[in-house]
Amino acid sequence: MLLTSPAALPDPASPPKPILQLVGLRKSFGGFDAVQGIDLDVREGEFLTIVGPSGSGKTTLLRMLAGMDTPSEGNITLHGELINDVPPNRRPTCLVFQSLALFPHKSVGENIAFPLKVKGVDAAARKARALELMRVVRLPESYFDKNVMKCSGGERQRVALARALAYDPEVLFFDEPLSAIDYKLKKTLEKELKDLHRETGKTFIYITHSLEEAMVMSDRIGVMRAGRLVQVGTPEEIYGAPVDRFVCEFVGEVNTFQVKRGPDGAWNGTDVPGTFTLQPPASGAVLDEAFVVVRPEFMRILAPGESADNRLEGVVYNEYSLGSRIQYQVRVGAKVMLVELSRGRALPSSADRRVTLGWDAADAFTLES
Ligand code: ATP
């Protein structure tokens, strides 16, 4: 296996075949279903992230995939072979934990070479391979003899990754490995993990609470809610075409309001004033009531004479710096709408902070309420 050359780019004409297939996967604890009938094909070589709020069943799902728990119902197949009851050490998979589970009294090199020692690889070959893996995860060679507890959090994370790669698994599972790391380092490690994925060509299955993390790294994201996978798609599909209100709100800050069809068929606001031009829901459902979502970056503050499909009158009452952008909170009746403008784009001036918000129909989602 070559670890350092980039994996071949996928051929769009022949989508990668599934490495893991989950069919009707269920896990019950007593009478409670923590995972409720999941069907999913994991493609060979993809970076798949499972996101969801606390308690949605992410860890329970991962534990079944890694062989630490057996499903109550359903099947897991790897390359077409049923593996429901195969123990973790007999699967070509490896789990990288949040807690890392490194040997504290051993050196970086000993930690990385541990799986090779278990396999009976001789000392010289172990050292050569450990050094090669240290290069892959960008650890300096001089760290080989350093005690792992004298390494920083980010360095330990790299040691854990190198050790996982030493098992030469086909699938790597990650259980929130970056959750205890400070923001700046987390951003660096996210990019490194993404690079590592490309360089190794292995299948990565990653779980996290953080959608931001998922968006940066993943080829596909699965969103879990109450034991079910409610949507699986590329980051663009999850962000740009959420299937329901839950996914939409989970995916980021949004402006929402309710509408109802009037006798003339027009959409009238029920919690904001006005009549609105909306796109039909992506589901194709014919609705009398709907839930409208406009992301803050699509909501504009209109200059006098500027047109938009939809408008709302409001009053700016707060603003927050988001670095390169500024977020304005605008009261519209009892609701608060969020608008994000690039820094340097001035708010149209008005003594009483009154503004007209506007957005085009194509920039909003219409979902079942
Ligand atoms: P978090 O993000 O907080 O780690 P999660 O999405 O990983 O949450 P799980 O740990 O999979 O969620 O738990 C899903 C549900 O199953 C929770 O309600 C949890 O209390 C329950 N659960 C998990 N393991 C067990 C167990 N061994 N016995 C009983 N209930 C369990």
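In strand β12, Gly-269 is the bridge partner of Val-259. The strands concerned, β11 (residues 255–261) and β12 (residues 267–269), pair in the antiparallel sense over three bridges; two strands count as paired if DSSP finds at least two bridges between them. Helices (H or I, at least four residues) and strands (E, at least two) are DSSP runs, numbered from the N terminus. The model is a predicted one, in which local features need pLDDT of at least 70 and side-chain atom pairs count only at pLDDT 80 or more, whereas totals for chains, interfaces and linings use all residues. Residues are numbered from 1 along each chain as its sequence is written, and side-chain values use heavy atoms, with hydrogens and water left out.

The pairing of β11 with β12 belongs to an open sheet of five strands, with the order β13-β12-β11-β14-β20 and antiparallel pairing. Its edge strands are β13 (275–276) and β20 (364–368), each of which pairs on one side only.

The loop between β14 (289–294) and β15 (300–301) holds Arg-295. This arginine is buried yet has no salt bridge, and the nearest side chain of opposite charge, Glu-297, is 5.0 Å away. Here buried means under 20% relative accessible area, exposed over 50%, and partly exposed in between (1.4 Å probe, protein chains only). A salt bridge requires a side-chain nitrogen of Lys or Arg within 4 Å of a carboxyl oxygen of Asp or Glu; as to charge, Lys and Arg count as positive and Asp and Glu as negative, while His and the chain ends are not counted. A polar atom of the Arg-295 side chain lies 3.3 Å from the backbone oxygen of Tyr-239. Leaving aside neighbours within four places in sequence, Arg-295 is in contact (heavy atoms within 4.5 Å) with residues including Tyr-239, Pro-242, Cys-248 and Phe-365.

Elsewhere, a search of the whole structure finds 21 salt bridges. Glu-46 and Arg-220 form one of them, their closest N and O atoms being 2.8 Å apart. Because Glu-46 lies in the loop between β2 (32–43) and β3 (47–51) and Arg-220 in strand β9 (residues 220–225), the pair ties together parts that are 174 residues apart in sequence. Both Glu-46 and Arg-220 are buried. Arg-26 and Asp-33 also meet in a salt bridge, at 2.8 Å from N to O; Arg-26 is partly exposed at 24% relative accessible area, and Asp-33 is partly exposed at 22%.

Glu-132 is partly exposed at 27% relative accessibility, whereas Arg-129 counts as buried at 18%. A network of salt bridges links Arg-138, Asp-195, Arg-198 and Glu-199.

Helix α2 (residues 108–118) has buried residues that include Val-108, Ile-112 and Leu-116. The buried residues of α2 pack against α3 (123–136) and α4 (153–166). Just after α2, Gly-120 takes a positive phi of about 85°.

The cysteines complete the account. A search of the whole structure finds zero disulfides, a disulfide being a pair of cysteine sulfur atoms within 2.5 Å. The sulfur of Cys-151 is 19 Å from the closest cysteine sulfur, that of Cys-94, and so is too far away for a bond. Cys-94 is buried at 10% relative accessibility, and Cys-151 is buried at 5% relative accessible area.

How values were computed. Polar contact = N/O pair within 3.5 Å; in protein donor to acceptor, adjacent residues only side chain to side chain.
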